[in-house]
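Please read them alongside the coordinates.

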Amino acid sequence: MTEKITPAMQAFWANDPAPIEMGIDLIEARDNRAELRLQLEPRHLNGHRSTHGGVVHLLADCAAGFAANSTGEQAVTQTNTITFLTPSHAGETLTAIGTFVARSGRSALYDVVVTAEDGRQVAVMRAQMRHIAPKA
């Protein structure tokens, strides 16, 4: 991890086992922005030998979640819509970048673009995040 990740987000990452177990790397999480990467392995593939949609969705959802939580407020995904554009395969690296769009009250919108290392877009997501009260 680098200075692009706030100490609070480093702690948040350490307590988020799903992306860690999947092999996702946190590159940046600060100022309503997050970047995550995943080096695709055979364990990430579906029966068509392309990346499982659930894996791409997890990567994108984590990018939205880390972007939303990077403000210091706690947030969870309320809903999201993902569109898969092109397949990806083992050996490729996917990058998901989540960015803030708008906020009204406790709801905020984030856009995520998932790209392959050759620059092609693999998926796009619009996530509605809900800011919640801090845990006691």
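1. Of the 136 residues in the protein chain, 39% are classed as buried, where buried means under 20% relative accessible area, exposed over 50% and partly exposed in between (1.4 Å probe, protein chains only). This is a predicted model, in which local features need pLDDT of at least 70 and side-chain atom pairs count only at pLDDT 80 or more, while totals for chains, interfaces and linings use all residues. Residues are numbered from 1 along each chain as its sequence is written, and side-chain values use heavy atoms, with hydrogens and water left out.

2. The protein chain contains three helices and six strands, taken as DSSP runs (H or I, at least four residues, for helices; E, at least two, for strands) and numbered from the N terminus. Their order along the sequence is α-α-β-β-α-β-β-β-β.

3. Nine salt bridges are counted, each being a side-chain nitrogen of Lys or Arg within 4 Å of a carboxyl oxygen of Asp or Glu. A network of them links Glu 28, Arg 30, Arg 33, Glu 35 and Arg 37. Within it, Glu 35, buried at 10% relative accessible area, pairs with Arg 33 at 3.7 Å between the closest N and O atoms and with Arg 37 at 2.7 Å.

4. A further salt bridge joins Arg 120 to Glu 92, with the closest N and O atoms 2.8 Å apart. This pair links distant parts of the chain, 28 residues apart, with Arg 120 in the loop between strands E5 (107-116) and E6 (121-132) and Glu 92 in the loop between strands E3 (74-84) and E4 (93-104). Arg 120 is partly exposed at 22% relative accessibility, whereas Glu 92 is buried at 14%.
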